[in-house]
Amino acid sequence: MTGHLTGKVAIVTGAARGIGLAIAERLATDGALLALSDLDGEALAQAGVKVAKLTGKKPVLVTGDLADQHVSKKLVDDTVAAFGAVHVLVNNAGGGIIKAFAEHTPETLKATIDRNLWTAIWACWHVLPLMRAQKYGRIVNLGADSVRNGLWDHAAYNAAKGGMHGLTTGLAREYALDGITINTVAPCAVNTPQMEAITKSAPALAAKFISVIPMGRPAEMAEVASMVSYLSGSEASFVTGQVISVNGGSTML
Ligand SMILES: NC(=O)c1ccc[n+]([C@@H]2O[C@H](COP(=O)([O-])OP(=O)(O)OC[C@H]3O[C@@H](n4cnc5c(N)ncnc54)[C@H](O)[C@@H]3O)[C@@H](O)[C@H]2O)c1
């Protein structure tokens, strides 16, 4: 396999399905060796088989809750043990519990922050010392354009993703002289299996979410993965601290 990530080692979190799996497949096609992690061990194993077919090498697989810092540390440690380095970290684990703020419970509020923000904080915390020592690193977070457009029912989710956007700018400045870039890719709606299910079960709700997108459709997963691929490469060396929307124009500027 040759591509712009040949010789690079990339971690993708939340890689068992959806956008995370699309990113893992894209980075594998670009030549990277992969370490994948997810809560869902069974689906992660299936993702591992798909990625191995693309890279010719078994990916590192770590099953567990990445909001637990010990799972995050194991992911980084296992990756270094298998491949000797970590060049790219894609913080994709997450997903919304999308409901009106008043309808949340203490549990759903905590879960929203845990899965969308703590997962990224711990992964960054464990990987950045290695990246600083090797004077090279690319961190790409999956944020959300709903932070910018204030989409209905997204307040709690936006609190988590907005935290991730803030982590991006703060870390980008702290690590700017270390050869490390930190950016966020912020989709609006994406055509995942989950989105397909919403379109079937609640077409009015799906249409409401799409109504804010001038292009009139959700992003394809490959369109999101393409931006992640660019930001994961050495060519993106002067892009840092950015929240880049892949959103069909749902916010502009
Ligand atoms: N789908 C969209 O329209 C959309 C829009 C904007 C942002 N995003 C973001 O993109 C990312 C991927 O979205 P998706 O639609 O593919 O989601 P998804 O729910 O289909 O997949 C997310 C994966 O992350 C894993 N995960 C969640 N919490 C975890 C944890 N604590 N530890 C380990 N794994 C965990 C899940 O098990 C799942 O496999 C998420 O961060 C999401 O918030 C999605």
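The largest nonpolar core holds 32 residues, and those with the most contacts inside it are Val 12, Ile 23, Leu 27, Leu 34, Leu 36, Val 90 and Val 224. A nonpolar core is here a set of buried Ala, Val, Leu, Ile, Met, Phe, Trp, Tyr and Cys residues joined through side-chain atoms within 4.5 Å, where buried means under 20% relative accessible area, exposed over 50% and partly exposed in between, with a 1.4 Å probe and protein chains only. Among the elements that give two or more residues to this core are β1 (9-13), α1 (18-29), β2 (33-38) and α9 (221-232), and α1 gives the most, with six residues. Apart from this core lies another one, of 27 residues, among them Ile 11, Ala 35, Val 71 and Leu 171.

The model is predicted, so local features need pLDDT of at least 70 and side-chain atom pairs count only at pLDDT 80 or more, whereas totals for chains, interfaces and linings use all residues. Residues are numbered from 1 along each chain as its sequence is written, and side-chain values use heavy atoms, with hydrogens and water left out.

Leaving aside neighbours within four places in sequence, Ile 23 is in contact (heavy atoms within 4.5 Å) with Val 12, Val 90, Asn 92, Leu 142, Ala 225 and Val 228.

| Residue | Polar atom | Distance |
|---|---|---|
| Asn 92 | backbone | 2.8 Å |
| Tyr 157 | side chain | 2.6 Å |
| Val 190 | backbone | 2.9 Å |

The protein covers 89% of the 820 Å² of accessible area that the ligand has on its own, with areas taken from the Shrake-Rupley method using a 1.4 Å probe; for residues, only the protein chains shown count as cover.

Turning to the protein as a whole, buried residues make up 50% of its 253 residues. Its C-alpha atoms fill a box of roughly 50 × 35 × 35 Å, taken along the principal axes, and its accessible surface comes to about 11400 Å², of which 59% belongs to carbon and sulfur atoms. Among contacts with a separation of 6 or more, 72% are between residues 24 or more positions apart.

Terms used: Helices (H or I, at least four residues) and strands (E, at least two) are DSSP runs, numbered from the N terminus. A polar contact is a pair of N or O atoms within 3.5 Å; within protein, one must be able to donate a hydrogen and the other to accept it, and residues adjacent in sequence count only if both atoms are side-chain atoms.
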